[in-house]
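Subject: Structure handover

Hi,

Here is the structure I promised to pass on. My notes follow below it.

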Amino acid sequence: MIDIVVVLRAEDAVLDFLSVLTDDDGGGGSGGETRVILADRERAETLVLGADLGATERLALVAAHVRPVTEGIASPGPEVLATLLRQAAAGGPFRIWTHSPADTRRSRGRLGRDTALARAADARLAEAELRHAVGFSPYLQILSDLDRSLGREHIAAKLDFVNGSCGHLLAEPDPEFVVQTPHVPAVERFFDTDPEQRERLFALLASLDDEAASVVDPWEFGSSPYEARRLDATAAWVRDRCAGEGSGSGSGGTLVEVGACEGALTHRLAAAGFTVRATEPNAVFRPRLTAALAGTEGVTVDGAGLAELAKEDGPRATAHLLIEMLYYGQDLALLDDLATDLVFVALEPEALVSRVRPWLERSTTWRADEETVLVPPQLETVCAGRAYLSKRGSVGLLLRRTNG
């Protein structure tokens, strides 16, 4: 049986897969041949670690391929990986080990996903077992299927490898490639996953790009009890506060919901009697939003983002809603030019303190009328129970224009 280890960079093979490289049930060497695919698209190559090589020789061979961090380090994509896997398999029985699609280092997460896609697309490769290393996962606790605790000898070998061959990475400023204590696990954990779980794990760690939209409802608004409570509380908060503006539930108040995603909150606002302009700049989410809201009375959908809304010279809305979307470096000065006197902001507590509070203290245009906890933090499972994480809670801040 050939073990094929697919990693982005040479050091990954030792940091996350040392137990695979030296697997002989505790004897100190490897029980069979291992082939390490160094899959960086700039210098993809395969190392053959023969069955006759002991652990020391294997690590020395890998160490010779550790290199400095350069620009453009990335997965070569499923097609190239399929070719590399077929070549490494050499027609014999094999199993595949690679990064987690939920590895917080996005370059590794993408390679883990691409490797799984390459395997699934080729009938010969699809016969092989594939396991993902949990890897670096500070936000998710992933339920593993295989845990390998390293003994003192293996830990010493791993630390010697890092200090001797990866010293430059201990001080690397790029968080994608720095090597710190959490990147050097004493227990190497692995899991199997099905395609749906894999895609959800990958999307869950994405931000605002198209990868976040690679699955429907990536943040599980439609199935999560926590998210349902958050959305219900947010809709009720908006309804109750807008009632004092002469435009309460059922009376035709006009809302602009910025970043409506797939319409989970929009449906609730429309049911409360509001006229809603749901905007979604993401070109993948927007068709889903349009389809989800088709036929919903009083709702329109367009692709305007915060910057575009600030430039518009249209009718004033009862309120603009910035719900769980000010995480991505938007210029908060844009709020000054929104056509409203009322803005509802909701964020997790830390982001509210770090992002909004300093800006609000300097603002001469807005004041905080109210701060309310919409939902407290809670631990919750995600991705059909494959992982769990801390949902950090949501705090609502109601802003009123001071010169409105």
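Predicted model: local features only at pLDDT ≥ 70, side-chain atom pairs only at ≥ 80, totals over all residues.

E15 and strand E16 (residues 387-391) run antiparallel and are joined by five bridges. They belong to an open sheet of three strands, ordered E6-E16-E15, with antiparallel pairing. Strand E6 (141-142) and strand E15 (378-382) are at the edges; each has a single partner strand, so one side of each has no neighbour in the sheet. H10 lies across E15 and E16, at about 125° to E15.

Now helix H4 (residues 78-89). Its twelve residues reach 16 Å from first C-alpha to last, close to the 16 Å expected at 1.5 Å a residue. Leu 81, Ala 82, Leu 84, Leu 85, Ala 88 and Ala 89 are its buried residues. They sit on the same side of H4, because they cover an arc of only 165° around the axis. Their packing partners include strand E1 (2-7), strand E4 (94-98) and helix H5 (106-120). Glu 79 and Gln 87 are exposed, on the face turned away from the buried side. Just after H4, Ala 90 has a positive phi of about 55°.

Last, helix H11 (residues 264-271). Leu 265, Thr 266, Leu 269 and Ala 270 are buried there. Their arc around the axis is only 135°, which puts them on the same side of H11. Among the elements covering them are helix H10 (225-243), strand E9 (254-258) and helix H12 (285-292). Gly 273 follows H11, with a positive phi near 100°.

Best wishes

Methods
Residues numbered from 1 in each chain as written. Heavy atoms only, no water. Buried < 20%, exposed > 50% of the residue type's maximum accessible area, 1.4 Å probe, protein only. Helix = DSSP H or I, 4+ residues; strand = E, 2+ residues; numbered from the N terminus. Arc of directions from axis to C-beta. Contact = heavy atoms within 4.5 Å. Pairing = 2+ DSSP bridges. Axes fitted to C-alpha atoms, helices over the stretch in contact; angles between N-to-C directions. Expected span 1.5 Å × (residues − 1).
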